[in-house]
Amino acid sequence: MENRFTKKTEERVFKNILNKKLLEKGDNLIVSVSGGPDSTFLIHILDLFNKKYKYNIKFNIMHLNHLLRKEAGRDEDFVRNLAEKYNAEFFSKKVDIEKKAKDEKISIELAGRNARNEFLKEIEEKIKKKNREKNKEKKEEKIKIVYGHHADDVAETFILNVLRGSSLRGMTSIKEKNGNKLRPIIFLKKAEILKYLETKEIPFVIDETNFETEYMRNKIRNIVIPYFEENINKASAFNIYKASQSANEVMEYIDKETSRLINDLEKNININEFLENILEDEQTKLKINEVKYFEINELKKLDDVILKNIIYKKIENIKFNKGIIEDILSIIKNNYGNKYINISGKKIFFIKKSRIYILDLKD
């Protein structure tokens, strides 16, 4: 069924993809599909876009069966049928998430996220291998990963991160584009997606656990946001989404300025010179892979917001405790001589005289 509402929704998504150049002709997409309304809408709208604009997109549908519910097999079969409908290659995997969580001593949510990321890497490698064999002399195709997150998801994550004490970076919540990860329907409200599916009579499956309140995210989804919308402002979730997008714009500017300053202020030093004249710890000497440094007087001229972000950028790919950035900021501000801060055995921040050295350690 076609009407003005569904046409308008489609055009808004198409316009967003085109204006922001989220997709390119010939893209190879991995679409994460659970079978729920959001991901079902996503694959449907991407298929419409592909046909209308003749983008020649290759679809790969990814589905992870968590084995947590008796309906999990039904969901997997539903997504398999979607893959056939949209002429997509289907990748599915069964993982006992409950067992994984117990074995690794982590939450069910984190275990599920880790399992999805691991599965995603497996799929990417399979697609790359297939492409290499198929196009031996051609340039390797880019793979983009597409998720069905929407404005309500952003609002939930924003609130969750605030409650956990996140910084401004945490308040940026879920990004529309992050590297090769895309969320082309992120600006749509959940209600609009559901209305579209109902109007077009497009079936989807329901995960009943989404309505439980055992997990904090579900409490926010089913109790907190409905309370806001019923008692404070019916547009609460969407307004939180907009606040998150504003935080994202600010954070992007800060990151851009930070990268410029790192490029200007960070200097290289010959490792041999560093080992012979500066570092005295013999055990650390054996582990060093690379050394760079900043002049402390130059760093002290910077605003704390930028300085903290420089520190963050130097350790963002390492697991670290929240307080570590403040610790490093303190040794810079006070110019503590011969002070070491070791971060997960991956990097060492070391102050001597008027410089702070960043030691990249070997695995």
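**A short tour of the chain**

E201 is exposed, with a relative accessible area of 67%. Exposed here means over 50% relative accessible area, buried means under 20%, and partly exposed is in between, with a 1.4 Å probe and protein chains only. E201 sits in the loop between α8 (190-200) and α9 (216-231). Its phi is near 55 degrees, a positive value in a residue other than glycine.

A word on the source. This is a predicted model, where local features need pLDDT of at least 70 and side-chain atom pairs count only at pLDDT 80 or more, while totals for chains, interfaces and linings use all residues. Residues are numbered from 1 along each chain as its sequence is written, and side-chain values use heavy atoms, with hydrogens and water left out.

K21 also has a positive phi, near 50 degrees, and is not a glycine. Find K21 in the loop between α1 (4-19) and β1. K21 is exposed, at 64% relative accessible area.

Now the whole chain. There are 15 helices and 11 strands. These are DSSP runs, numbered from the N terminus: helices are H or I with at least four residues, strands are E with at least two. The C-alpha trace spans about 75 × 60 × 45 Å along its principal axes. Of the 363 residues, 45% are buried. The chain exposes about 20,600 Å², and carbon and sulfur atoms supply 48% of that. Those areas come from the Shrake-Rupley method with a 1.4 Å probe; for residues, only the protein chains shown count as cover. Take contacts between residues at least 6 apart in sequence: 70% of them join residues at least 24 apart. Contact means heavy atoms within 4.5 Å.

On to the strands. Which way do the residues of β4 point? In β4 (residues 143-146), I143 and I145 point one way, K144 and V146 the other, and all are buried. In a regular strand the side chains alternate between the two faces of the sheet. β1 (residues 28-32) pairs with β4 in the parallel sense, over 4 bridges. Pairing requires that DSSP finds at least two bridges between the strands. I30 stands opposite I145 of β4. β6 (residues 181-182) pairs with β4 too, in the parallel sense, over 2 bridges. There, K181 is the bridge partner of I145.

Next, helix α14, residues 304-315, which contains I315. I315 is buried, with a relative accessible area of 0%. Leaving out residues up to four places away in sequence, I315 touches F320, I324, I325, I343, K347 and F349.

Last, the cavity. How many cavities of 30 Å³ or more does the search find? It finds 1 in the whole structure. A cavity is a set of points, on a 1 Å grid over the protein atoms alone, where a 1.4 Å probe fits but cannot get out; lining residues have an atom within 4 Å of a point. The largest cavity holds about 60 Å³. That volume is the space filled by probe spheres set on the points, with grid points joined across faces, edges and corners. Its lining includes F294, L307, K314 and F349. α14 gives the largest share, 4 residues. α14 and β11 (355-361) each supply at least two.

Note on methods. 1 Å grid on protein atoms, 1.4 Å probe; cavity = no way out; pocket = protein on both sides within 12 Å on 5 of 7 lines; lining within 4 Å.
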